[in-house]
2 protein chains.
Amino acid sequence: MGLTRTEIFSIEQNQLATLLKALAHPARIAILQRILASNTCICGDLVDELGLAQATISQHLKELKNAEIIQGTIEGVSVCYCINPVTWKLIENQMGAFLGAYKQEANCC
Amino acid sequence: MGLTRTEIFSIEQNQLATLLKALAHPARIAILQRILASNTCICGDLVDELGLAQATISQHLKELKNAEIIQGTIEGVSVCYCINPVTWKLIENQMGAFLGAYKQEANCC
DNA sequence: ATACTTAATCGTAATATTGCAATATATTAT
DNA sequence: ATAATATATTGCAATATTACGATTAAGTAT
């Protein structure tokens, strides 16, 4: 026990949960907002700007990369990260469908 | 260590992260989809329909309630859950702003 | 009151996450 | 080749999450 029983849920449910989990940390939201702000890619400026240790930032970046939410390219001695447009679109679509399924009705509990 | 350093992030970043964390589990997504499907409220049908123990479902419901994503009303011997429209709208707005901030540019890494 | 039904809570084991110092790796500059 | 810079990885401690059996609480029926 103590392990999410992914086998009893649909691919889509697991996929959306995984994507949301990757987003569900203030540091990772801050990292993404930082990337979104300067549309051009960014690297270890994050370490200076967020107040977290370099190892911690690197770990969060790795998680975002694993989820394919961002992608990084080596640029000389530093690494440039940017949004993965495919996954971003996927999140928009999946979340749009999920959130949009709610039709507010009068008779509720 | 081992504890999220919420103090270095903005209220909004922490709030969005908390909401997404509450959504970021396939069981909770399944529960919400079940509630969304029959717009009217639901109770322990969830225990029968999802393949998880009653205690586990109850715990997931509690988390969704804590995040104010759902609300429950006692209805006789059972409990009826439904979406909290205020929080749902909040998620839509916050996620919309967050995801919408991405403008796909040609020159990226 | 007793039995029954439904849901919440408690306790616990297994696993995952978060954060960071220390170290390793890789690229650039001298 | 050596030094400097930037990022990744490792190891570890603290904490959180997930799942479930067992129990409790609270309402309904007999």
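Two residues are in contact when heavy atoms lie within 4.5 Å of each other. The model described here is predicted: local features need pLDDT of at least 70, side-chain atom pairs count only at pLDDT 80 or more, and totals for chains, interfaces and linings use all residues. Residues are numbered from 1 along each chain as its sequence is written, chains are lettered from A and ligands numbered from 1 in the order in which they are written, and side-chain values use heavy atoms, with hydrogens and water left out.

By this contact criterion, 45 residues from chain A meet 45 residues from chain B. About 4100 Å² is buried between chain A and chain B, and carbon and sulfur atoms give 74% of this area; buried area is the accessible area (1.4 Å probe) that two parts lose on being put together, summed over both. Of the area that chain A buries against chain B, Phe98(A), Tyr102(A) and Cys109(A) supply 17%, more than any other three residues. Helices (H or I, at least four residues) and strands (E, at least two) are DSSP runs, numbered from the N terminus. The elements that give two or more residues to the side of chain A that touches chain B are helices H1 (11-23), H2 (26-37) and H5 (85-100) and strands S1 (70-75) and S2 (78-83) of chain A. H5(A) provides the largest share of that side, 8 residues.

Between chain A and chain B there are 8 residue pairs in polar contact, both residues at pLDDT 80 or more. A polar contact is a pair of N or O atoms within 3.5 Å; within protein, one must be able to donate a hydrogen and the other to accept it, and residues adjacent in sequence count only if both atoms are side-chain atoms. The count of salt bridges (a side-chain nitrogen of Lys or Arg within 4 Å of a carboxyl oxygen of Asp or Glu) between the two chains is 0.

His25(B) lies in the loop between helix H1 (11-23) and helix H2 (26-37) of chain B. The side chain of His25(B) is in polar contact with that of Thr4(A), at 3.4 Å. Apart from neighbours within four places in sequence, His25(B) touches Thr4(A), Ala17(A) and His60(B). His25(B) counts as buried because its relative accessibility is 14%, the class being under 20% relative accessible area, with exposed over 50% and partly exposed in between (1.4 Å probe, protein chains only).

Asn84(B), in the loop between strand S2 (78-83) and helix H5 (85-100) of chain B, is also buried, at 12% relative accessibility. A polar atom of the Asn84(B) side chain lies 3.3 Å from the backbone oxygen of Glu68(B).
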